[in-house]
Amino acid sequence: MILFKRAGDLTRWLDQQRLSGKSIGFVPTLGALHAGHISLIAISKKSAGVTVCSIFVNPTQFNDPRDFQKYPITLEKDIALLEQSGTDVLFLPEVTEVYPDGTSGLEHYDLGRIETLLEGRYRPGHFQGVCQVMRRLLDVVRPDDLFMGRKDYQQCMVVQRLLELRDMPTRLHRCPILREQDGLAMSSRNMRLTPEQRQKAPAIYKALLAIRTGWLMGHPSKTGLIATAMKTLEQADFRVDYIEIADHKTLEPIDGGPGAVALIAAFLGEVRLIDNMVLEMHSYEK
Ligand code: AMP
C-alpha cells in the first residue's frame with residue numbers, strides 16, 4: 001500500500017494509473033476502521049483497478065465539538081487492516097492539505113429539502129461539512145466509482161446530490177450495512193460505549209426489525225409502530241433524536257405504501273448511534 005499525505009502527489013500518481021487504463025475506486029472514511037469499512041474496500045477491489053481509501057476526521061462536519069474531540073483514532077490498526085485488505089493507496093492528509101485556505105468561507109451547497117430532514121434537522125451544518133470535504137476529496141481522487149455505506153443512508157443521498165450539482169461522472173455505489181452478531185450496526189462510535197451500554201445497543205436493531213415486521217404485516221398505525229420502537233429504545237436507556245418511517249427516495253415521512261425505510265438516531269450516554277432498515281421483504285435481514 002502506498003501512503004500519500006499530499007493531495008498534489010496523489011492526483012499526479014492517479015493520473016499515471018488512469019493513463020495505463022486503470023479505473024479508480026474510492027472509499028472515504030473518518031478512520032477507526034472496522035469490518036464495515038473493509039467491506040467497502042472489498043467491493044471496490046472487485047471492479048476497480050486501483051482502490052484508494054482516505055482517512056480524514058473532517059472538522060467541518062462535526063456540529064458537536066465534543067463529538068469531534070472524542071472521535072476515536074486508531075491509525076496503526078487502521079493501516080494494518082488496510083494492508084491486509086489489499087488497499088492500494090491510503091490518503092492521509094492534514095487539515096491544511098484538505099483546506100489550504102482555511103475552513104471559513106467554504107462554499108455553501110444547495111441541498112434542498114434533504115438538508116432539513118432527520119440528520120439534517122438534528123445536526124445543523126453537518127451535511128454542508130460532508131459536501132465540503134467530499135468535494136475536495138473527489139477533486140483530488142477523481143474516482144470512477146465511489147463506495148459508501150447505506151448505514152449513512154441520508155449521507156449517500158447528499159453525496160449523490162453533490163455529484164449532480166457538480167456534474168461529476170463518478171458513480172456512487174450504496175453498499176450494505178455490516179452488523180455485529182447481535183445486530184448492532186458496526187460503527188467507529190461503538191468503541192466509545194461502556195460494556196454495559198454495548199449490551200444495550202442492539203435495541204436499535206430490534207426496534208427496526210419490529211417496525212419492519214409490523215409494516216409488512218399491514219401495520220394498523222404508523223404512530224403505534226413508532227411508539228413501540230420508542231419504548232424499546234427507552235427501556236434500553238437510549239435518548240431518541242428521531243424514529244421515522246420515510247420514503248426511500250426523498251426521506252419525507254410516509255404512512256404506507258411500498259418503498260419505505262425506517263431510520264433511527266439515538267444517544268446511549270454521550271454516544272450518538274444511527275441505523276436504518278429498508279421495509280421490504282427482499283431486503284429481509286436475519
Ligand atoms: P465513517 O468512517 O463512519 O465516515 O464511514 C466511512 C464509510 O463507511 C461511510 O460510507 C459509511 O457509510 C461506511 N460504513 C460505516 N459503517 C458501516 C457499516 N456498518 N457497514 C457498511 N458500511 C459502513
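Visitor: Which residues in H7 do Ala7, Leu10, Thr11, Leu14 and Arg18 in H1 meet?

Guide: First, a caveat: this is a predicted model, where local features need pLDDT of at least 70 and side-chain atom pairs count only at pLDDT 80 or more, while totals for chains, interfaces and linings use all residues. Residues are numbered from 1 along each chain as its sequence is written, and side-chain values use heavy atoms, with hydrogens and water left out. Helices are DSSP runs (H or I, at least four residues) numbered from the N terminus, and contact means heavy atoms within 4.5 Å. On that basis, the H1 residues meet Arg136, Val140 and Val141.

Visitor: Is H1 oblique or roughly parallel to H7?

Guide: Axes are lines fitted to C-alpha atoms over the stretch in contact, and angles run from 0 to 180 degrees between N-to-C directions. Helix H1 (residues 7-19) and H7 pack at about 45 degrees, with axes 8 Å apart. Under 35 degrees counts as roughly parallel, over 145 as roughly antiparallel, 65 to 115 as roughly perpendicular and the rest as oblique. So H1 is oblique to H7.

Visitor: And why is H7 described as oblique to H8?

Guide: Helix H7 (residues 126-141) and helix H8 (residues 153-165) have axes 10 Å apart. H7 is oblique to H8 because their packing angle is about 55 degrees.

Visitor: Which residues of H8 make that contact?

Guide: On the H7 side you'll find Phe127, Val130, Cys131, Met134, Arg135 and Leu138. Facing them from H8 are Gln154, Gln155, Val158, Val159, Leu162 and Leu163.

Visitor: What about H2 and H4: at what angle do they pack?

Guide: Ile38, Ile41 and Lys45 in H2 meet Leu81, Leu82 and Ser85 in H4. The axes of helix H2 (residues 35-47) and helix H4 (residues 75-85) are 10 Å apart, and the packing angle is about 30 degrees.

Visitor: How does that leave H2 relative to H4, roughly parallel or oblique?

Guide: Look at that angle of about 30 degrees again. It makes H2, relative to H4, roughly parallel.

Visitor: On to the ligand: which residues are the closest?

Guide: Here a residue is near a molecule if one of its heavy atoms lies within 4 Å of it. There are 16 residues surrounding the ligand. The closest are Leu30, Gly149, Asp152, Leu178 and Met186.

How values were computed
Helix = DSSP H or I, 4+ residues; strand = E, 2+ residues; numbered from the N terminus.
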